Every structure is written in structure tokens, then in C-alpha cells.
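Trainee: I have a new model open on the screen. Could you go through it with me, please?

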Amino acid sequence: MFKINEDYLKLQGSYLFSMIGKKVAAYQKENPDKSIIRLGIGDVTQPLAPVIIEALHRAVDEMGSADTFHGYAPDLGYEFLRNAIADNDYKARGCDISADEVFVSDGAKCDSGNIQEIFAKDNKIAVCDPVYPVYIDTNVMAGRTGTFNKETETWSDVIYMPCTGENDFKPELPKKQPDLIYLCFPNNPTGGTITKDELQEWVDYANKVGAVIIYDAAYEAYITESNVPHTIYECDGARTCAIELRSFSKNAGFTGLRLGAAIVPKDLKSGDVSLHSLWARRHGTKYNGAPYIVQKAGEAVYSEAGKAQLKEQVAYYMNNATTIYNGLKDAGFEVSGGINAPYIWLKTPGNLSSWEFFDLLLSKAGVVGTPGSGFGPSGEGYFRLTAFGTHENTVKAIAKIRENI
Ligand SMILES: Cc1ncc(COP(=O)(O)O)c(C=O)c1O
């Protein structure tokens, strides 16, 4: 008789987005004539940039001819893309990362979920609270998180690093010693970030205690301030303690195309064993590569035209972020994020819970956002709005909130 992986039964239901869906559906049923503006989900709305579409078309044509057809991709990704990532995202910033330390993947969600596989089950993880839920749930599946306490909404074997208004949404070094530290800057959901000097403290700490930092840089393209690092490898010593995850979803609109990369430096070791070789083994065994046409599209991201077109796309979303940030701030809301990230994190007014504010916003303004409590206990009393909508809808939503809340 087969048995299932019982760790899956410990997973908490995907309460957040299913609950949002149910509430929005119920509201629409009761108010069929009212329109709704969705600033909840972190998906992009702008079409792929022309340079990317052109690269896709060219690659599709290549696939139709025997002499330019491509079958299985090389295990770790095509050289042309690995070189483009190493040159543009790292060497151009003075960071010592080579193309053979780049592992091309189909996105940061998979990488952030899969990377824990190469670590022992009794490793202790530390996460920011609130947090992108994938980091925790994939460790739950792996049996690494202990038991869930419904009262505190925390796992017994997870070290939580609260990020609230009190610490400017910046995690403090944990009091208990972790083995794996998940950091994501610019952050989803708070939109907060840390300076290069602050990140250096984390790198020094990880090297001191022998921990690995899993650094999720999915929102790197949204950084506007000069003291915010674009990659953890800007910090001295990061090659011996950090894995970085990159995504093409938010900088280039690849949410539906799928492309990412994990950077595993060869200096990152446990005794004599390099994590690079473990991840290469894992990647080669379980993954057959992002499609050639998508990797060609990824290469186009780094062309001069690609850089110019995507700068405009990011600026479009950041203009939305500014519209939300300033519009709500002027109306008296306590807002953060939105300066180096496409997320605006606001304190719910009048001490409303995150869900109470969700209901109020939906019923009074017809705007859908995401309750902060869905990202962890320290998100209670906060609310996330995203800048990924159209500009027209963003302007409308803020006007409605200002009129009605
Ligand atoms: C912090 C963070 N990491 C990773 C992802 C997923 O990235 P990808 O689309 O590359 O899988 C998201 C998506 O919202 C995210 O917020």
C-alpha cells in the first residue's frame, strides 16, 4: 500500500488568494453593475517589448529549419544567455560571477522552492515576516519546519524575522542561529529594501556562523536609489555564503514566458563539497532546460534596444507606484515601499485588521488589494497594493480610495 508524503498534509491551505477570489466573486454577484479594479496580484499587464517579440519570432523560425533547429538545451542553459547574465548583471557591476556559475531556469519561484533540496533536512531556516510564501511552504513539504501553531500562525522550527514599521521593514540579525537565511530585496510584499552596508552585515554574519543566504533578487530592476545593492555579490565575501535568484518576470514581463537563473558561486562549500556541483547534479537530473526560444528572448533583454525598451516598461510601473504612494500619502495613509519596488505597503487606518480593510476597500471603493496578514503574522494591520496594473486603472483606483475611504 503506497504512502503519501505526510508533510504535504501540514501545508496550510492557500487561504490568501482563494479567500480573495471568493470575496471578490461574492461582491460581484451582489453588485453586478459595479466595476472592480484589481491591484492585488503581482502579475504584469504590459505586453512583451518589441525587441523580445522579434527575438521570439526569429527563434521560432530557426526551430522550423533542420539546420537551425534546437533540441534539448544544455543542462545549465545556453552559453549565449549565461554570458549575457554574467556580463550584464554581474561583471558590469564589478561583481566576480562567471558564466559557469549561472544556472538558467524557468523562474525564481521554482528555484526558490527547489534550492532547499540540496540542504540537510535538519537545517534551520530563517525567513522575514511577512514573506513570499514559497520559501516556507517548500520547506514544509520537505519536512523542515516542525509543527504549525494556529494561534501564532508560526512554524515551530522556523526562525521568523519580523519586518514592521518599527524596524523600517528591515530584518534584524536573528537571535537563534539559522543555517539557511532567505532574504528578498527589494521585498515582496513590503516593497522595502536594505542598503549595501546593511546587506554586508548579513553577508558577514552568514560567513561567521556558516549559514547560506538565499537571496531573491526578482525585483532588482525596480531599484532607484544608489545605495541599494542590485546583487548580493556587491558585498565582500558573498561568494562564500550566498546563492542569488534572478527572474525575468518583473524586469521584462516574462511571467507567462518563464525564465530565471540561479547563481551558485564555486566558492560556496560545505567542507569539501561545493554547492555548485550539487546544484549542477540536481539541475541536470531533474530539469531539461528553459526552451531555446525563451532563452533567445532572454538574450534580447540584454541588447541595447532591449535595455532601452525595458527601462521604459519598468518606468511605467514605477510611475504607477508613485501615483499610489503619493496619492495615499496625501490622503493621510501611512505608506511605505513603492520607491525601489512595485509594491506599496500601507498601514490599515483606524487599526483595522488586514481583512477588515480588504472588505472596506472592496465594498466602498471597488478596489482589490492583498491583506498583509496573508504573508505572515507580522503583516497583520498592513495591506499590499501593486503597481503592475494599467496606469489608467491605477489612477482610477487611487481616486476611488480617496473619495470613499
Ligand atoms: C519574491 C518573489 N520571488 C519570486 C517570484 C516568482 O518569480 P518567477 O516568475 O520568476 O517564478 C515572485 C513572484 O511574484 C516573487 O514575488
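Trainee: How many residues of domain 1 are in contact with domain 2?
Mentor: 34 residues of domain 1 are in contact with 43 residues of domain 2, where contact means that the C-beta atoms, placed from the backbone, lie within 7 Å. Please note that this is a predicted model, in which local features need pLDDT of at least 70, side-chain atom pairs count only at pLDDT 80 or more, and totals for chains, interfaces and linings use all residues. Residues are numbered from 1 along each chain as its sequence is written.

Trainee: Which elements give two or more residues to the side of domain 1 that touches domain 2?
Mentor: They are helix 10 (304-330), strand 13 (334-337) and strand 14 (343-347). Helices (H or I, at least four residues) and strands (E, at least two) are DSSP runs, numbered from the N terminus. Helix 10 gives the most, with six residues.

Trainee: And how does that side divide by class?
Mentor: The side of domain 1 that touches domain 2 has 14 nonpolar, 14 polar and six charged residues. Here Ala, Val, Leu, Ile, Met, Phe, Trp, Tyr, Cys and Pro count as nonpolar, Asp, Glu, Lys and Arg as charged, and the others, Gly among them, as polar.

Trainee: Where are the domain bounds?
Mentor: Domain 1 covers 6-47 + 306-404 and domain 2 covers 52-303; the bounds come from an automatic or database domain assignment. Taken over C-alpha atoms, the domain centres are 25 Å apart.

Trainee: Changing topic, at what angle do helix 2 and helix 9 cross?
Mentor: The axes of helix 2 (residues 50-63) and helix 9 (residues 292-301) cross at roughly 145° and come within 8 Å. Axes are lines fitted to C-alpha atoms, for helices over the stretch in contact, and angles run from 0 to 180 degrees between N-to-C directions.

Trainee: Which residues meet there?
Mentor: V51, I52, A55, L56, A59, V60 and M63 in helix 2 meet Y292, I293, K296, A297, E299, A300 and V301 in helix 9. By class, this contact has twelve nonpolar, no polar and two charged residues.

Trainee: What about the ligand: which residues come nearest?
Mentor: G107, K109, N188, S247 and S249 do, of the 14 residues around the ligand; a residue counts if its C-beta atom, placed from the backbone, lies within 6 Å. Helix 4 (residues 108-114) supplies the largest share of this shell, three residues. The shell has four nonpolar, eight polar and two charged residues.

Trainee: Finally, how many helices and strands does the protein have?
Mentor: The protein has twelve helices and 17 strands.

Note on methods:
Two residues are in contact if their C-beta atoms, placed from the backbone, lie within 7 Å.
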